[in-house]
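This note is meant for a colleague who is meeting the structure for the first time. Please read the numbered points with the sequence and the model side by side.

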Amino acid sequence: QEQLVESGGGLVQAGGSLRLSCAASGRTFSNYVMGWFRQAPGKEREFVAAISRSGGTTYYSGSVKGRFTISRDNAKNTVYLQMDSLKAEDTAVYSCARGYSSRPSDFIYWGQGTQVTVSS
């Protein structure tokens with residue numbers, strides 16, 4: 001049974017940092033592009049970042065580029081999102097996802113998500 005399980009969310013002050021993790025099981029992890037999405041209350045799900053199968057190429061939305069870093073460890077079947085210089089507008093539920101390419105429309109399976117709250 002496939003699972004994507006996120007962890008590492010929490011409450012942090014503006015300017016602080018958090019590191020999210022997503023543990024994958026049930027599929028061959030290295031076969032897929034992995035990504036992070038977020039959804040704030042009352043808003044649509046938004047693409048945050050993606051990473052290629054090997055980890056050699058990364059992609060970011062304009063709103064997080066330079067502040068967030070996506071990485072993966074194929075030996076541990078885990079993808080990470082290092083979030084620095086957090087802002088109140090980063091508050092959302094963050095979910096990891098697997099897909100066939102870095103295009104947001106090519107992601108096909110999401111985890112349940114972890115809450116990130118940034119206080120101003």
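Which residue in E8 does Leu18 stand opposite?

1. Pairing of E3 and E8. The model is a predicted one. In it, Leu18 stands opposite Met83 in E8. The two strands E3 and E8 pair in the antiparallel sense, and six bridges are found between them.

2. The sheet as a whole. E3 and E8 belong to an open sheet of four strands, whose order is E1-E3-E8-E7 and whose pairing is antiparallel. Its edges are formed by strand E1 (3-7) and by E7, each of which pairs on one side only. From one strand to the next, the twist averages 15°.

3. The disulfide. The structure holds one disulfide. A disulfide is a covalent bond between the sulfur atoms of two cysteines. Here the partners are Cys22 and Cys96, with an S to S distance of 1.9 Å. The pair links distant parts of the chain, 74 residues apart: Cys22 sits in strand E3 (residues 18-25) and Cys96 in strand E9 (residues 92-99).

4. Handedness and burial of the disulfide. The torsion about the S-S bond of Cys22 and Cys96 is about 40°, and the disulfide is therefore right-handed. Both partners are shielded in the sense used here: Cys22 is buried, and Cys96 is buried as well.

5. Most residues other than glycine have a negative phi. A reader checking backbone geometry may wish to look at both places in the model.

6. Where these two residues lie. Asn77 is placed in the loop between strand E7 (68-73) and strand E8 (78-83). Its relative accessibility is 27%, so Asn77 counts as partly exposed. Ser85 is found in the loop between E8 and E9. With a relative accessible area of 41%, Ser85 is partly exposed.

7. Asp90. Is Asp90 buried or exposed? Asp90 lies in the loop between E8 and E9. Because its relative accessibility is 0%, Asp90 counts as buried. The side chain of Asp90 reaches the backbone nitrogen of Lys87 at 2.8 Å. Leaving aside residues up to four places away in sequence, Asp90 touches Arg38, Arg67, Phe68, Ser85, Val116 and Val118.

8. Arg45. The loop between strand E4 (33-39) and strand E5 (46-51) holds Arg45. Arg45 is partly exposed, since its relative accessible area is 45%. Which residues does Arg45 touch, not counting residues up to four places away in sequence? They are Phe37, Arg38, Gln39 and Trp110. As for Ser25, it is 20 residues from Arg45 along the chain, and the C-alpha atoms of the two are separated by 23 Å.

How values were computed: Residues numbered from 1 in each chain as written. Predicted model: local features only at pLDDT ≥ 70, side-chain atom pairs only at ≥ 80, totals over all residues. Heavy atoms only, no water. Disulfide = S-S within 2.5 Å. Buried < 20%, exposed > 50% of the residue type's maximum accessible area, 1.4 Å probe, protein only. Pairing = 2+ DSSP bridges. Axes fitted to C-alpha atoms, helices over the stretch in contact; angles between N-to-C directions. Polar contact = N/O pair within 3.5 Å; in protein donor to acceptor, adjacent residues only side chain to side chain. Contact = heavy atoms within 4.5 Å.
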